[in-house]
Amino acid sequence: MTDRHDIDLHINGDIYRVSVEARKTLADAIRDDCGLTGTHIGCEHGVCGACTVLLNDQPVRSCLMFAVQAKDKPIRTVEGLAKGDTPHALQQAFMDNHGLQCGFCTPGFLMLAAGALEAKPDMSEEEMVHVLSSNLCRCTGYHNILKSVKAAAAEMAKAR
Amino acid sequence: MSGDHQTKHATTWVGRSIRRVEDRALVHGEGCFTADLPADLHVRFVRSPVASGRLKHVTIPDTARGLVAADLTRIGRIKPMLHRPDYVAVEQPILADGVIRFVGEPIAAIIASSPAEAEDHVEATFYDIDETDPVVDVLAALAPGAPRVHDWTKHNILVEGRVDTPGFDAMFASAARIVEVDITSRRQHALPLEPRGAHADFDRRTGRITLTCSTQSPHVMRTAIAELLQLPEADLRVIAPDVGGGFGQKMMLPPEYVLIVHVARMTKRSVAWIEDRRENLIASFHARDMRVKLKAAFSADAKLIAIDADMASNVGAYSGFPITCGVEALMGMAELPGPYDVQQYRCVSRGVATNTCPMAPYRGVSRPVITFTMERMMDTAAAKFGIDPIDIRRRNLIDKFPYKSATGLTFDDATYREVMEIAVRELPLSQLRERQSEMRKHGRYLGIGFSTFSERTGYGTPAFAARGMESTPGYENVEIAMDPSGNVTARIGAFPHGQGLKTTLSQIIADEVGVSPEKINIIAGDTDQTPYGWGSFASRSLVISGGACLVGARKLKAKLVRIAAHLMKVAPEDVTLEPGFAKARSTNQSIPIPELARTAYHKAHLLYGVADAGLVEQGFYDPPGTFSNACHVAVVEVDIETGGVKVERFMVVEDAGRLINPMIVDGQIHGGVAQGIANALLEEIIYDERGNILTATLADFLPPTMSEVPRFELHHIETYSDATITEAKGIGEGGAIGAPAAVVNAISDALSPFGVAFYELPVTPQRIRAALRKAGKANS
C-alpha cells in the first residue's frame with residue numbers, strides 16, 4: 001500500500017503538490033499534506049459532515065473521496081471563505097447569532113451552507129432545513145445555525 | 001420573563017448578549033484541536049472483539065512496533081476510590097492484562113510513522129482469546145450465579161447506596177393510593193463531535209512531556225497520568241486546546257492517554273492517537289443504562305407522601321477516574337425526589353458491573369432518568385386520580401425556601417410552580433387541548449407533555465465529599481492580573497470547551513474593574529499557565545469559576561481604588577471605578593485606569609508603604625451549590641401508522657438566576673434540549689446478548705439532525721438566590737435533564753385514547769408500533 005501518486009490539489013486558489021497513497025482520503029490530504037486543518041474529521045464514514053468542502057463549487061464529504069479523485073479540481077475550504085480580513089457573510093452571521101459553540105462542526109456547516117446558497121440564493125426555510133440536515137452538530141441544537149444561515153442569506157441577497 | 005436583556009442591563013456588561021470572543025478563530029478554520037498537531041509517531045489500538053474472555057497471547061507482526069500489557073508492568077492501574085463501606089474498588093489495566101472485560105477493550109498498542117501504517121499492523125496482529133460467557137444486562141448481572149466481571153468480587157455490585165427515612169414505613173402504610181412505575185433507560189452516548197485524542201511530545205532539553213489532549217479537565221489528567229507513570233507531576237504539562245464538545249465523556253481519564261504519554265517518554269519523540277468514530281462509539285464511555293422501580297405513595301388528595309425506589313445502574317466493566325462508577329447511582333439516589341415536597345423516602349441504588357463499555361457522566365448524569373421517572377409517575381398518578389397533570393404538580397411542587405429535602409439537600413430560592421404556570425399561559429395550554437380534541441376527531445394524535453425539574457448546579461467540595469470521593473472536586477482558583485497597559489489577564493483552573501466561558505467570565509470581571517471585556521484575556525486549558533482546577537462539568541464553571549473571578553476582580557478593584565485614592569489624596573471610600581477610569585466623588589478628579597496600572601508597576605515608589613507594586617490577585621470559590629429549575633413542554637404529533645413522532649413545539653421556561661450572557665444561556669438550553677429529544681426518540685447504544693455492540697457507526701446510532709429538532713421557545717425568570725455570589729445558577733445540563741420526560745409524557749398523552757403509555761427511553765417508532773399492536777389498535 002505504499003505506491004504514491006504525485007498530484008496537484010487546487011485549494012482556495014493555491015496549488016499544493018502532494019505525494020499521496022491512492023487510499024488517502026481527500027480530508028486527510030487537505031489536513032496532513034496541505035496543512036489546512038480547518039477541515040475537521042468527525043466520523044470518517046460520511047455521516048457527520050464536519051469534513052465538508054466545496055469541490056467544483058459543490059459540497060462534498062472530503063472523507064468519502066480519495067485525494068487522487070480531486071486532483072486538478074478546484075477545492076474550497078473554510079480557510080478560503082473570508083476575503084482578507086473581511087469575514088464571509090456566513091462567518092459573520094455565525095458569530096452574530098451564536099451559531100457555534102465548540103466550533104468543531106462549524107467549518108463543515110459553513111462550507112455546506114456556502115455551496116447551497118451559491119447554488120440557490122433564495123432557498124426557503126424548508127429547503128434550508130433540508131440541506132442543513134446533511135451535517136451534525138452536537139452543541140447548538142441547530143436553532144442558531146438555522147438563524148445564522150437565514151441571516152447570511154439575507155445579507156448575501158442585499159449584496160447582490 | 002423573556003425580553004430585551006440588552007436594555008434591562010444597559011449599564012453593566014453582565015446581562016448582555018455580547019458576541020463570543022471564542023468565535024473568530026473557529027469560524028475561520030483557525031482553531032487548534034488535538035488532531036491538528038503533527039506527530040512523529042502514531043498509535044492505533046488493537047481492541048477486543050469479544051466481551052469476556054482470557055487473553056492468552058498477542059503476536060505483533062515482526063515488522064511492527066507495539067506494546068502489550070507485559071510491557072507495561074511499571075505502569076499503575078486505574079483504581080478510583082470511593083470511601084464508602086458499600087464500594088468495591090476495581091482496577092483497570094492500561095492494556096488488557098490476561099482478562100477481557102468488554103468489546104473494544106484495548107489489548108495492544110501499535111506504534112508507526114503514520115496512522116494508516118499503524119492500522120495495517122493492527123490488522124496483522126494476531127491474538128488468541130478464550131471466550132467466556134459475558135454478562136451484559138444490568139438485571140442479569142444482579143441475578144444469583146451470574147458470571148462475575150471481576151473474578152475476585154463476591155458479586156457484580158460495585159456500589160450500593162441506601163436511604164431510609166425514619167418515618168417511611170408508617171407513612172407508606174398510610175397511603176390512600178400507591179402508584180408504581182417501572183422505568184427503563186437504555187444506554188446513551190454523549191457523542192462529542194470531535195472524538196477523543198492525545199498528542200504527547202518529549203522535550204529533550206528539559207526532559208518534560210507536554211500532553212495535548214481532548215479533555216474537560218487538564219489538571220486532573222496531569223495528576224492521574226503522572227501518578228500512574230510515576231513521573232514527577234512537574235515534568236508533565238497538559239494542554240487542552242480547542243475541544244470539540246465533551247458532555248462529560250471527556251472528564252474521565254482514558255487509559256489510552258496514559259499510554260500515549262508513556263510512548264512519548266519511551267521514544268523521546270512526539271506521538272499521537274486520534275480516536276476514530278467507531279472507537280468512540282464502542283470503547284470511550286457510555287451513560288445512563290439504568291432501571292428504576294418506583295412506588296409512590298399518595299394521600300387521598302393526591303399529595304405525594306412517600307416514595308420507595310429500587311435503582312440499578314449498569315456501570316460497565318470498570319470504574320472511571322476521577323468520578324468513579326458511583327456517579328450515576330449515588331446522584332440518582334440523592335436527587336430522585338426532585339422538585340417535589342416529599343419527606344419520606346426509601347431507596348436502594350446499585351451500581352452493577354457488566355461486560356460492557358464503562359460509564360462516564362453524560363450531560364445531566366442520572367437526572368434525565370430520575371426526572372423521567374418522577375415525571376412519568378406524576379402523569380400516571382394524575383390519570384389514576386382523574387386530575388390534570390398540571391394540577392397534580394401544583395399540589396406537590398415545593399414553594400417554600402430554603403427547603404430541606406429528604407436526603408438532606410438544601411433547595412435555595414427558585415420558582416418551580418411559577419415556571420410551570422408561565423408555560424401553561426404562554427402555550428396557551430387551553431388552546432392546545434382544544435386543538436388536540438379536534439385533531440383526534442380526524443384520526444390525528446397530538447400530545448402535550450410537561451416536565452418540571454430541578455438542576456443541582458455549581459456545587460463545591462462538600463457535595464462531592466458527601467459521596468466519599470477520594471479525589472474530591474469542587475473549588476476553583478483564578479489568578480487575575482492587570483498589566484501595565486491596563487489590560488487584564490485571568491488564568492482560570494476551569495476549562496471551557498464550547499460553553500463560551502471566556503466571554504462570560506470577562507463580563508463578570510469587566511463590571512468590577514472598569515475595563516471592557518475585549519481588554520480582558522482569559523487563559524485556560526494549560527497546566528503550566530493556570531492555577532489548579534477541576535475543569536468544566538456538572539454545570540459548575542460559570543458559577544464556581546465565575547465566583548472565583550468575581551472574588552479576584554473585587555480584590556483587584558480594591559487595590560486600584562486604594563492606589564487611586566492615594567494618588568488623588570482622598571479617602572478610598574470616596575473613589576468609584578467607572579468604565580475606563582477611577583473617580584473621586586468629592587473632588588470630581590479622575591485617573592484613567594491604564595495610568596493607575598502603569599503607576600502600580602513603573603512608579604511603585606509613589607505607592608511606597610501604601611501598596612505592593614503590581615496588580616495581581618487571586619480568587620478562590622467553593623460554594624455549597626444551588627438549584628436551577630425549569631418547566632419543559634413538548635408538543636408532539638404521533639403517526640399511529642408509522643410510529644413516527646414529530647416534535648412540533650418545544651417550550652422551556654427556565655430560572656437560572658442571574659443571566660450573565662442570555663445568548664449563551666439560550667445556546668446551552670438549545671443544545672441540551674436537542675440531546676434530550678434525541679434521548680427520548682432516537683439514541684440508543686445496543687448490545688446483543690454476547691456483548692457485541694450493534695451501534696458502532698452513525699448509521700446505527702442516530703443523533704438528530706436539524707430536521708428532527710424543532711425551533712425552541714424559551715422564557716426566563718431570574719431569581720437571585722444568595723447561594724452564589726454572582727447570583728448566577730448553572731445551566732449546562734437542564735436542557736438534557738427535562739426534555740426526555742416532556743417528550744415521552746407528550747407521546748403518552750397523544751396515545752392515551754389507545755391506553756398506550758411508555759416508561760422507557762428511547763421511544764422509537766418500532767416501540768410505538770409494538771405497543772399499539774399489543775393494544776389491538778393498529779394494523780400489524
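In chain B of this predicted model, strand E8 (residues 177–185) and strand E13 (residues 290–298) form an antiparallel pair over 9 bridges.

**Strand pairing in chain B**

- Within the pairing of E8(B) and E13(B), B:Asp182 stands opposite B:Lys293 of E13(B).
- E13(B) is also joined by 9 bridges to strand E14 (residues 304–316) of chain B, and these two strands run antiparallel.
- B:Lys295 has B:Asp308 in E14(B) as its bridge partner.
- The hairpin of E13(B) and E14(B) has 5 residues between the strands, and B:Ala302 in this hairpin takes a positive phi near 65 degrees.

**Domain organisation**

- Four domains divide chain B: domain 1 (34–132 + 190–283), domain 2 (135–188 + 286–396), domain 3 (414–449 + 626–780) and domain 4 (475–621).
- Taken over C-alpha atoms, the centres of domain 1 and domain 3 of chain B are separated by 37 Å.
- The contact between these two domains takes 12 residues from domain 1 of chain B and 13 residues from domain 3 of chain B.
- Chain A is divided into domain 1 (4–78) and domain 2 (89–159), and the C-alpha centres of these domains of chain A lie 21 Å apart.
- To their contact, domain 1 of chain A gives 17 residues and domain 2 of chain A gives 15 residues.

**Nonpolar cores**

- The largest nonpolar core has 230 residues, and those with the most contacts inside it are B:Met377, B:Phe450, B:Phe650 and B:Leu751.
- Helix H10 (residues 367–385) of chain B supplies the largest share of this core, 9 residues.
- Another core, of 50 residues, lies apart from it and includes B:Val478, B:Leu501, B:Ile591 and B:Leu607.
- Leaving aside neighbours within four places in sequence, B:Leu751 is in contact with B:Tyr445, B:Val638, B:Ile640, B:Val756, B:Phe758, B:Ile768 and B:Leu772.

**A buried glutamate without a salt bridge**

- B:Glu617 belongs to strand E25 (residues 616–621) of chain B.
- B:Glu617 is buried yet has no salt bridge; B:Lys559, the nearest side chain of opposite charge, is 4.9 Å away.
- Not counting residues up to four places away in sequence, B:Glu617 touches B:Val478, B:Glu479, B:Ile480, B:Gly552, B:Lys555, B:Leu556 and B:Lys559.
- Among these contacts of B:Glu617, B:Val478 is also one of the residues of the 50-residue core.

Conventions. Residues numbered from 1 in each chain as written. Chains lettered and ligands numbered in written order. Predicted model: local features only at pLDDT ≥ 70, side-chain atom pairs only at ≥ 80, totals over all residues. Heavy atoms only, no water. Helix = DSSP H or I, 4+ residues; strand = E, 2+ residues; numbered from the N terminus. Buried < 20%, exposed > 50% of the residue type's maximum accessible area, 1.4 Å probe, protein only. Lys, Arg positive; Asp, Glu negative; His and termini not counted. Salt bridge = Lys/Arg side-chain N within 4 Å of Asp/Glu carboxyl O. Contact = heavy atoms within 4.5 Å. Core = buried A, V, L, I, M, F, W, Y, C linked by side-chain atoms within 4.5 Å. Pairing = 2+ DSSP bridges. Domains from an automatic or database assignment.
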